[in-house]
Amino acid sequence: MTDLTAGPSTVDQIRDDYTAMARRKRVYGGILLILFVAIMAAGFRTADSRNAGSFIEGWHRIFDYPAEVLSEAWEKIAEMPENLFEFFPALIETLNIAAAATLAGTIVGMFLSLMSTRGMAYLPTLIPLFRRISDIFRAIPEIVIALVLIFILGGGPVPAMIAIAIHTAGALGKLFSEVNENASLKPVEGLQSVGANWSQRMYLGVIPQVGPNYVSYALLRFEINIRASAILGFVGAGGLGYELRNAMSWGQGRYDEAAAIFILLFVTIVIVDQISGYLRDRLAHGSEKGASA
Amino acid sequence: MSTLATNLTTAELKAEADRLFSRKRVVNFGLPAMVLVYLVYVFFAFDVPGLAARANWGNGKTLVSDSYSYKTHITRDNRSGEVSAAIEGERKGRYPEGETPDWVSLGETTVIDLEDGHVVRFGPETIEYDIPGYGVVRATPSRSAGVQAELPTDEAPDWINVSKNRLAITTDAGRLTVTRNRSEVFRYFTGWELFWFTLDSPYYGKSFPELVGRAAQGEGGAILNDFWTNKMWRHQDVAWAIFETILMAFLGTLGAAMVALPLAFMATRNFNPMKSVRFATRRVFDFVRGVDALIWTVVLARAFGPGPLTGALAILVTDTGTFGKIFSEALENVDQKQIEGVQSTGANAPQRYRFGVIPQVTPVLLSQLLYFLESNTRSATVIGAITGGGIGLLLTQAIITQKDWEEVAYYIVLIILMVMLMDWFSGWLRKRLIRGETRKKSKLRDPKAKPLLLP
């Protein structure tokens with residue numbers, strides 16, 4: 001009997017406790033919200049004060065530039081097909097940079113992930129080393145390597161490709177090793193028991209299990225890399241970004257070319273996103289064909 | 001028996017197996033072959049053979065050696081005979097008048113000891129370089145006759161470059177250049193000199209224990225101030241730049257989430273019955289996402305000028321599209337029963353959203369937000385390099401000067417540390433905020449469940 005009286009026994013008491021708790025929670029939530037809003041506001045003010053032009057002065061000008069570009073492009077609409085055709089090689093170059101970098105990054109990332117997964121690593125003692133390598137690769141923004149390599153190798157697609165490939169290798173290395181963790185090790189053990197060497201164990205025992213996931217992530221990476229390769233072009237690595245900077249620095253008079261480049265980039269990104277989204281959907285909800293790819 | 005009792009003969013069975021094997025073989029060799037063919041095509045499309053000719057390996061060597069070493073210039077003005085010393089040859093690193101490093105002794109003849117027996121003498125008329133194992137090289141610069149060089153051998157070795165107006169000697173110990181107007185010696189040292197204090201600071205060259213002792217005597221503020229306002233390495237500007245970059249990522253990511261959440265409700269089947277609005281909202285998401293961050297950056301930079309606000313807004317606009325799509329997919333998957341449960345207690349619409357919907361989607365939203373925070377730190381570096389803000393701008397500036405490679409190396413290290421720190425921080429926060437992360441992680445990592453991650 002004493003046990004019961006020790007606890008909150010009456011309905012009033014329970015209700016009081018509950019309202020007190022709810023009120024406390026609401027106060028904490030309110031404080032957090034105020035803090036959050038204050039931080040955001042202070043952040044925007046700081047960013048605004050360190051910017052060349054302020055938000056208040058500039059916000060109504062956001063559409064001035066697009067309007068200028070579009071109106072000039074509209075005036076010269078007859079030249080648009082020609083412009084699109086002219087910059088098509090640059091688009092191909094941007095796509096090639098992204099594709100080659102994704103390919104190279106996937107191969108290196110695959111190696112890094114296999115070397116950094118328990119049970120699969122060729123040298124288990126070096127697992128932490130390979131993990132750190134992929135962490136560092138992943139942390140390097142593409143532009144850093146691209147700018148340094150442009151200084152050594154000169155402008156062109158190769159520095160951009162190497163830069164994107166390094167970041168891709170790190171990012172995919174991490175994603176792949178998470179996929180590897182979920183793979184069954186039994187096929188690997190089976191292959192080992194019949195005397196298969198490391199590369200045979202990996203190729204015949206692991207890759208068939210993880211292949212669809214690998215391809216899916218690589219496709220996702222390809223989408224991202226197209227954007228990255230366009231941006232790197234802007235700092236001198238060839239492709240669409242480079243042409244865009246040239247057309248823009250020329251200013252008025254060549255806005256039709258800038259508009260053509262905008263259109264090419266936009267359409268490409270949307271199309272690649274759609275195709276890769278469709279393919280990834282197929283891979284995830286596995287038709288049998290996808291699994292053997 | 002039944003499995004063997006087919007009407008196929010052994011030969012036919014074998015032929016079938018052979019076909020299967022050959023098909024597998026074609027796939028196994030065909031796929032790598034296709035990759036190889038593509039790489040060969042890219043090899044020529046990118047003109048890799050011509051790259052060797054265009055590449056400047058000298059640049060690469062300077063870059064690497066410069067990134068971990070510094071050089072001290074000892075310069076003699078050949079007209080006035082004055083000798084001055086400066087680290088990296090910059091005005092900010094110049095020694096005060098009449099002072100030099102201890103391996104240089106000023107006088108009628110200035111003696112510069114490059115160690116290992118290498119000695120350079122700046123005489124009143126003649127410059128001498130004593131090279132062990134070779135001999136003494138003499139050079140007399142004059143306004144009328146150029147640079148008259150005397151070598152101990154008839155033929156100049158390839159590390160000595162002689163012409164009528166110029167003599168350049170490059171050895172392991174250092175470098176000597178004599179022109180008509182000035183003679184200059186470079187001596188290379190390992191390390192980042194002046195990283196802590198510049199020469200005009202009283203704390204330059206003091207050991208760490210001594211600095212601690214001085215700080216204990218109440219000079220701590222002055223010491224910090226001298227470090228903070230170091231003109232050579234500009235620690236204050238660098239700290240601000242990193243702050244700006246993180247600020248861009250923070251404002252962009254959170255701002256995008258705040259804009260995208262209400263829009264995401266408009267794009268879902270279960271919360272918005274109006275099909276036309278739903279369709280329009282989704283197309284807006286696709287458009288904003290498809291117009292790449294690069295184009296948004298360019299457009300916004302026209303309106304706001306360079307700076308962190310432009311970068312933050314570019315990230316905000318691009319990610320609004322991405323978040324809108326992810327959030328609306330998460331919202332379409334919410335469990336209707338919980339909302340009905342809340343409704344049955346008499347909750348009005350805002351309360352239904354607050355207590356029925358938000359708790360269900362919060363884990364997905366938060367974890368996406370934190371993934372993007374890390375990846376946007378990297379994007380902010382890149383966008384900063386284009387629009388001019390943050391650490392990206394400092395990096396491009398340092399690369400454009402093409403000589404401060406030690407600063408480039410410093411910035412690269414800082415950028416990598418910054419991104420890794422943000423990665424660690426967002427991972428830590430994710431674990432703290434979302435319980436059962438390990439279970440959810442495998443679900444989230446499923447490429448289908450997270451179709452849009454743009455790390």
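Domain bounds here come from an automatic or database domain assignment. I keep that in mind for the entries below, and I also note that this is a predicted model.

**Entry 1: domains of chain B.** I looked up how chain B is divided. The assignment gives domain 1 (70-190), domain 2 (194-230) and domain 3 (235-445). Then I checked the spacing of two of them: the C-alpha centres of domain 1 of chain B and domain 2 of chain B lie 33 Å apart.

**Entry 2: a sheet in chain B.** Next I followed the strand order of an open sheet in chain B. I read six strands in the order E2-E1-E12-E11-E10-E9, with antiparallel pairing. Which strands sit at the edges? I found strand E2 (83-87) and strand E9 (160-162) of chain B there, each pairing on one side only.

**Entry 3: E9 and its partner.** I zoomed in on E9(B), which pairs with strand E10 (residues 166-170) of chain B in the antiparallel sense, over three bridges. What stands opposite B:Ile160? My note says B:Ile169, in E10(B). As a reminder to myself, strands of a sheet pair through backbone hydrogen bonds.

**Entry 4: where chain B meets chain A.** I turned to the contact between the chains. I count 63 residues from chain B and 63 residues from chain A in it. On the chain B side, helix H7 (residues 293-304) of chain B supplies the largest share, nine residues. I also sorted the residues of chain B that touch chain A by type, and they divide into 41 nonpolar, 12 polar and 10 charged.

Methods:
Residues numbered from 1 in each chain as written. Chains lettered and ligands numbered in written order. Predicted model: local features only at pLDDT ≥ 70, side-chain atom pairs only at ≥ 80, totals over all residues. Pairing = 2+ DSSP bridges. Helix = DSSP H or I, 4+ residues; strand = E, 2+ residues; numbered from the N terminus. Contact = placed C-beta atoms within 7 Å. Nonpolar A, V, L, I, M, F, W, Y, C, P; charged D, E, K, R; others polar.
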